[in-house]
Amino acid sequence: MQADLVFHGGPVFTGGERRSDRVAVRDGRIVAVGDDVRDMTGPGTEMVDLKGRLLLPGFQDAHIHAVMGGVELGQCDLTGTTDLGEYLDRITTYASAHPDEEWIVGGGWSMESFEGGVPTKELLDRVVPGRPVYLLNRDHHAAWVNSRALEIAGITADTPDPASGRIDRLPGGDPIGALQEGAMDLVKVPPTTAEVRLAGLLRAQRLLHSLGITAWQDAMVCATNGYDDISDAYLSAAGSGALTATVVGALWWDRDRGAEQIPDLVAKRERFTVGRLRCDAVKLMLDGIAENFTAAMTEPYRDNCGCVTTNRGLSFIDPALLPAYVSALDALDFQPHFHALGDQAVRNALDAVEAARRANGARDTRPHLAHLQVVHPRDVSRFAELGATANMQPYWAAHEPQMDELTIPFLDPALAGWQYPFGDLVRAGARLAGGSDWPVSTPDPLQGIHVAVNRVHHGDDAAGFLPDQALDLRTAVSAYTAGSAYVNRLDDTGDIRPGFRADLIVLDRDIFDAPPAEIGDAAVALTFIDGRVVHEG
């Protein structure tokens with residue numbers, strides 16, 4: 001049998017190990033690895049000389065918002081800087097370049113750019129005085145708005161905080177210009193169009209392929225609760241063949257409804273499973289984030305003076321009802337995908353998985369918990385015991401102002417030391433998957449792997465953040481390949497072995513043959529899906 005494609009002349013990461021080998025591909029599948037490849041070359045075989053570069057299975061992102069990220073790249077983009085002056089310059093430039101847009105929409109600002117992490121409406125009023133402005137922060141858990149947007153929404157000193165959020169206020173009660181969590185829903189921003197959403201998906205797909213990502217799980221499909229529903233973009237791209245990645249859609253659990261929505265989810269699973277798109281996961285957002293004190297914690301937050309408050313964060317889904325919801329979804333073969341950031345939310349998610357195991361037995365639904373900023377030591381071993389995957393976003397596990405100034409001082413000291421405990425999870429036998437939560441942070445897996453190994457951002461000379469929780473390179477790479485493939489239930493991907501899909505990437509160097517501090521220097525030279533090039537650097 002003659003191969004269509006043969007890789008040679010460099011190391012291969014297969015079976016969780018790096019070794020020198022040859023790999024043959026035919027009809028989009030790997031057909032041989034090692035010595036057997038020598039008999040498969042012929043005049044029609046394309047030979048790819050690795051020249052010492054590393055061949056890997058394609059990266060997969062287990063928690064991402066690809067359409068949202070792609071759309072935001074075309075809006076008022078504040079990412080890539082924390083300089084307030086730069087924000088205002090970009091907003092001014094964008095508003096001037098788009099005089100016909102009724103609203104100025106975009107985001108990517110960082111809380112560290114503002115005193116106390118809270119931006120003010122006056123800053124926006126100065127640069128865009130006449131049109132409403134609505135800018136999400138990089139975590140997408142808060143919005144920065146101007147006076148015109150507050151006026152249109154009718155938000156005043158007399159407007160009560162919604163149960164699921166907070167209006168940041170001046171001492172007299174007037175809104176400052178920042179809306180946290182569910183308070184964002186009070187501003188009715190005009191929705192994006194179907195054309196904009198599809199363009200955003202295709203823009204995102206090009207970027208993700210350039211980073212070596214061949215498959216992902218989108219964590220917010222068919223969203224409600226004030227979030228844009230981006231499902232039509234996936235349906236259109238999957239139906240037309242424009243979707244070249246393999247995508248798992250996590251259908252959104254409406255936190256204003258209960259079990260009565262489950263038949264709707266069953267219908268959506270059928271409708272939104274077409275071509276390279278499969279929607280058989282359900283996203284359950286249990287809590288918020290630590291920086292705005294909405295992540296659900298077992299111990300209360302501190303205030304600016306370091307005093308203990310009564311606030312332990314928010315639970316968006318009633319913990320008493322969650323086990324029944326998850327058991328019902330599990331029985332219908334849905335995969336539970338939890339947003340669980342605080343240690344109380346992590347515990348609530350694991351309790352729900354445990355209840356599903358008791359009710360239904362050990363079913364192959366592969367539940368996973370994303371974010372895991374704080375995990376109580378008592379719960380670390382439960383991941384392996386329950387078969388729940390730890391879906392990590394390792395890029396966040398580093399010292400930066402948002403961590404050092406807006407998180408650690410406000411957490412219980414014990415909780416502050418239990419952040420992103422990836423090393424403990426691995427030592428306890430947990431399975432890890434890798435994700436980015438883009439556009440919250442960079443979608444580049446190599447940057448995430450760099451932080452997972454070094455516990456510091458690439459190029460930063462800061463001390464490692466809780467360095468005992470660092471991963472070795474093999475484990476970190478496996479999380480973004482085999483681990484995420486497992487979560488995505490793509491069992492013929494994530495490794496390089498005969499019979500598997502030829503979803504492969506070539507790095508521009510061998511990261512196993514370089515110091516750990518240089519992992520982030522690497523880039524993707526080639527990305528293949530089903531043996532076909534989708535990116536060439």
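Hello everyone, and let me begin with a definition: in this talk Ala, Val, Leu, Ile, Met, Phe, Trp, Tyr, Cys and Pro count as nonpolar, Asp, Glu, Lys and Arg as charged, and the others, Gly among them, as polar. We will need that when we get to the pockets.

A word on where this comes from. This is a predicted model, in which local features need pLDDT of at least 70 and side-chain atom pairs count only at pLDDT 80 or more, while totals for chains, interfaces and linings use all residues. Residues are numbered from 1 along each chain as its sequence is written, and side-chain values use heavy atoms, with hydrogens and water left out.

Let's start with the whole chain. It has 16 helices and 22 strands; here helices (H or I, at least four residues) and strands (E, at least two) are DSSP runs, numbered from the N terminus. The radius of gyration is 23 Å, close to the 24 Å that the globule rule gives for 537 residues, so the chain is as compact as a globular protein of that length. That radius is taken over C-alpha atoms, and the rule is 2.2 Å times the number of residues to the power 0.38. Along the principal axes, the C-alpha atoms fill a box of roughly 80 × 55 × 50 Å.

How much of the chain is buried? Of the 537 residues, 59% count as buried, where buried means under 20% relative accessible area, exposed over 50%, and partly exposed in between (1.4 Å probe, protein chains only). Among contacts with a separation of 6 or more, 74% join residues 24 or more positions apart; a contact means heavy atoms within 4.5 Å. The accessible surface comes to about 19,800 Å², and 50% of it belongs to carbon and sulfur atoms. Those areas come from the Shrake-Rupley method with a 1.4 Å probe, and for residues only the protein chains shown count as cover.

Now for a covered element: helix 15, residues 445-454. In this helix, 10 of its 10 residues are buried, including Pro 445, Gly 448 and Asn 454. What do these buried residues pack against? Their partners are strand 6 (59-64), strand 13, helix 16 (473-487), strand 20 (504-507) and strand 21 (524-529).

On a 1 Å grid over the protein atoms alone, a cavity is a set of points where a 1.4 Å probe fits but cannot get out, and a pocket is an open set with protein on both sides within 12 Å along at least five of seven lines; lining residues have an atom within 4 Å of a point. Grid points are joined across faces, edges and corners, and a volume is the space filled by probe spheres set on the points.

The largest pocket holds about 920 Å³ of space. Its lining has 35 residues, and Val 105, Val 189, Pro 190, Thr 192 and Asp 228 lie nearest the centre. Two or more lining residues come from each of helix 1 (66-73), strand 8 (104-109), strand 9 (133-137), helix 5 (194-210) and strand 13 (213-221). Helix 1 gives the largest share, five residues. By class, this lining has 18 nonpolar, eight polar and nine charged residues.

The second largest pocket has a volume of about 630 Å³. It is lined by 38 residues, with Ser 110, Arg 138, Val 440, Ser 441 and Thr 442 nearest its centre.

What about closed spaces? A search of the whole structure finds three cavities of 30 Å³ or more. The largest holds about 130 Å³, and of its 14 lining residues the closest to the centre are His 65, Asp 139, His 141, Met 220 and Asp 437. The second largest cavity has a volume of about 40 Å³. Among the residues lining that second cavity are Thr 442, Pro 445 and Gly 448.

Finally, two single residues. Glu 518 lies in the loop between strand 20 and strand 21 and, at 37% relative accessibility, counts as partly exposed. Glu 518 and His 458 are 60 residues apart in sequence and 7.7 Å apart in space, C-alpha to C-alpha. Arg 148, in helix 4 (residues 147-153), counts as partly exposed at 31% relative accessibility. Leaving out residues up to four places away in sequence, Arg 148 touches Gly 130, Arg 131 and Pro 132.
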